[in-house]
Amino acid sequence: MHDDSALVELRISRFVRERLRPAINRATMPLTLESWDAPGEPVPFADAVGQDFTPFGTGRRWGRPWGTTWVHVTGTVPADWVVDDDVRLELVVDLGFSSATPGFQAEGLVFAPDGVILKAISPRNRSVPLSDEPGQPVDLYLEAAANPDVTSGFTFVATDKGDLATAGDKNLYTLRRVDLALRDETVWQLLADFWTLTGLMRELPAGSIRRADILRALERCIDTVDPDDVAGTAARGRAALADVLDRPANASAHRLHAVGHAHIDSAWLWPVRETVRKVARTFSNVLALIDANPDFAFAASSAQQYAWLKEFYPELFARVKVQIAAGSFVPVGGMWVESDTNMPGGEALVRQFVAGKRFFLTEFGIEPLEVWLPDSFGYSAALPQIVALAGSKWFLTQKTSWNETNLMPHHTFRWEGIDGTRIFTHFPPVDTYNAELSGEELARAERQYAEKGAANTSLVPFGFGDGGGGPTEEMIAAARRTASLEGSPTVELSTPRRFFETAEAEYPDPPVWSGELYLEFHRGTYTSQARTKRGNRRSEHLLREAELWAATAAVRTGAEYPYDLLERTWHTVLLQQFHDILPGSSIAWVHQEAERNYAAVADTLTDLIESTVRGLCSAGDATVLLNAGPFALAGVAGLAGADAAPPNPAAPAGTVTVTHTPSGIVLDNGLVAVTIDANGLFSSVWDVAAHRELVPLGSPGNLLQLHRDTPTQWDAWDIDEHYKRNTVDLAAAESVEVVLDTADRAVVRVARAFGSSRVVENITLRAGSPAIDLHFDLDWHERQKLLKLAFPLDLNADRAASEIQFGHVYRSTHTNTSWDAARFETVAHRWVHVGEPGYGVAVANDSTYGYDIGRSPDGAGRSATTVRLSLLRAAVFPDPAADQGRHELRVSLRLGSGIPEAVAEGYRLNLPVRTVTGVADPVVEPLLRVDNPAVVIEAVKLAEDRSGDLIVRLYEAHGNRSTARLIRHFEATDVVETDLLERTLAEPRVELAAGAPLPVEPHALTLTLRPFEIVTLRFIRP
């Protein structure tokens, strides 16, 4: 026969477009509308319905950017309309939707007159089922959110709509439709048949018999349906398709577990306050789907989002809670938010699970066992141990499918962390967390699945996401049609737990991936929005201090522990570690709010620390110096850490000298001699004790470099390798002068100007210190530029150590493989270390996360290692004013450093000695000490259950098996090892005591920790 398949496919498309879709509604009737514009921020239903509404109608403009319009919808169901099993009464709304993705434009939420939420409205989910009978009145309220589409089709063009101050007040949308309608269920089902079959057909080989069968069945269906009476003949059309829909899947077909899902970014291209409403809209959609489909389950992460629902939509929260108990609504993830995992500190990442799981357990009696992070920008190698210690078993993401260079070799595997912990992990091969269960998606999942021949099961999360929305009726219909359909993978409506249990049973011994899950993409997120990152780092360390001193006061004096204040503060910090806030990839509104929140956190915690210490030490005229870090600092012992800090060589003279030479200004303290040339660069860094020069020939240190930063896409997210091709060395200085010259400290100030920006740098050398401290005060006004700070070092380092949570990872400094080459920008916390056998250097910071570390020849052709910190960026999307203005940051160069010294240097820069005045007792007795600097106490706090027990969290920091004595200076009756949620471990991993009650203070426990092992202890207090 002649091949007319292309023509038939065109006919199918036109039939769907011109006949099927218009026939879905048998009848429609416009409703009467009145509106009220909220003058500022959104208001609750109870406030809105009491306002004065004025006449409104379709064709009218509405909605200033980020504004809210309430529409009162009234009418009467025509008495001659027939509503039965074949015809559904519904409200149909078009707020002026565009072709942009749902969740990135106008959205609505429909309420009954009593305030009960019915369902949401969005571009591809425009209807709300109604239960009114013919002749009955219709009375509804629609909350319409005029959220602007700031994406411009994700062309990454600068937008003024992300800042309320610049978004303007011009109405964005035209109301097109608010109708009462009768939906023809048979026509709707026929449309679903067409969608599934055409999607499958287009994925099958051109010469496939199955493809031809589907094509001809669709053609016969079109011949059967009368275009002038689609509703009357749709049933015959469905009958024409019954045979091709009833043919079962092949026995070897890939098996997909379809889990309803809505990825709701807690902030991104909308502010946090809008996410609160997105949660309500999405969850109301899901509840409507569950009511109609009892076998459907929906998975939702982020305890924060449930907490918002509880606070702002209690009636909806109560309904969600019912469905959670029934197993249809499934909390997953166990975290407070879907956080970034690269930059949060170790204790903060722990608290994501502590806060998240405690909420789920308290509110629902449920503990999620799967970690659900589909969209974070890479995954720390510390995560497997944290996941396991939090009581979870499984891990899911799909983000690594975005890699630009290398494909991950597995979809199902065990992921091994830095301590050796392994977690069963799955990457959905569908490569999206917003699937619609289309033929293209299902075929892609089967085609890409890497475990063929060893296993055959994967998960597909389906539902509109990023901006929420969730699954739709159409997606459920697609799942039912592909449950067993020839030519397609099988699709089973499932839950995450059912999938993981099935996959683990099917594949009990999968391959192992060891180390970080580095995302070869979005490398700029380590640097964008530096003030947000600085606020996070400072907040984490202030929380450490606040908990330590509050716990000390509670134990020593019986002072009331500020449980509620600390919990609220942690929740604020945890929220802002969401994977589009801390990484710096949100609109201006989000980051402005984050900076305000961090300032409030700093004020709150500083006041708490000072008031706690004054209560602890009693009022008086003395001054107390406090060291919350693990190591002695400025003569102050670490109150919650090591008696013995990593050793420093002793300065012969114990003083700093300043000498002016032809080569420049020389600062010398007997340990370090640094020569600062006329341009403020380090022409020499001499380690006196080791008798070696650190500056390579012809490559001065302390060099600021300015790069063109114009990513191919995703401005705030990406640093592309081509940035290296355009570099300006900011070598020239306006001034270089000694501003302080004393026996114990010398400071040289360097001022530079470039472009529209200015930087003032203070270079400090202290007596007895092997570190050179740098303080930068930057007034930054560049656009699409990247500022780096370079330290070329005369070291032949084949790898670099970078601090992560509870340890460090090693990364190659060479580019032998494509995997090495792709890591041209990496993340580190407080320090990085490079060295060769017997000697190394640490570079520490107080707020920077992005680095590139590599090797290049010096002026004599010998191998040198360069450490570069990424200080600032200036992306134009999604915040066109990103990073503009003042910044302060600190960096140190610590000579003669091994890993122990690097660890200590990181704490020194981030936990300086605190001075509190107005006390009577100038000494605070420590609660605990450790006699081995390799074992670091990371947290000291009272227990989450408010029992008054003391919780101490330690970790092994050097990467060695380490034994330490933990010395206690307070009364306790027993000690047990717990998980991160402070539950006693059934099988403790360390031997703590001989079983007898603990003697009264002092008392020591001897602990042996494996490399990077985390241990949490609960001291039972009388």
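1. How do the residues of the lining of the largest pocket divide into nonpolar, polar and charged? There are 14 nonpolar, 12 polar and 11 charged residues in that lining. Here Ala, Val, Leu, Ile, Met, Phe, Trp, Tyr, Cys and Pro count as nonpolar, Asp, Glu, Lys and Arg as charged, and the others, Gly among them, as polar.

2. A word on the basis of these notes. This is a predicted model, in which local features need pLDDT of at least 70 and side-chain atom pairs count only at pLDDT 80 or more, while totals for chains, interfaces and linings use all residues. Residues are numbered from 1 along each chain as its sequence is written, and side-chain values use heavy atoms, with hydrogens and water left out.

3. Back to the largest pocket, which holds about 1,100 Å³ of space. It is lined by 37 residues, and R21, I24, R124, L191 and E474 are the closest to its centre. A pocket is an open set of points on a 1 Å grid over the protein atoms alone where a 1.4 Å probe fits, with protein on both sides within 12 Å along at least five of seven lines; lining residues have an atom within 4 Å of a point. Grid points are joined across faces, edges and corners, and the volume is the space filled by probe spheres set on the points. Helix 3 gives the largest share of this lining, nine residues. Helices (H or I, at least four residues) and strands (E, at least two) are DSSP runs, numbered from the N terminus.

4. The second largest pocket has about 800 Å³ of space. Its lining has 35 residues, with W336, E567, W570, H571 and T572 nearest the centre. Helix 15 supplies the largest share, eight residues. This lining divides into 18 nonpolar, six polar and 11 charged residues.

5. Strand 33 pairs (at least two DSSP bridges) with strand 32 in the antiparallel sense over 10 bridges, and V748 stands opposite I763. Strand 33 also runs antiparallel to strand 34, joined by eight bridges, with F776 as the bridge partner of E761.

6. Finally, S892 sits in strand 43 (residues 885–894) and is buried, at a relative accessible area of 0%. Its side chain makes a polar contact with the side chain of E905 at 2.7 Å (N or O atoms within 3.5 Å; within protein, one must be able to donate a hydrogen and the other to accept it, and residues adjacent in sequence count only if both atoms are side-chain atoms).

Notes
Buried < 20%, exposed > 50% of the residue type's maximum accessible area, 1.4 Å probe, protein only.
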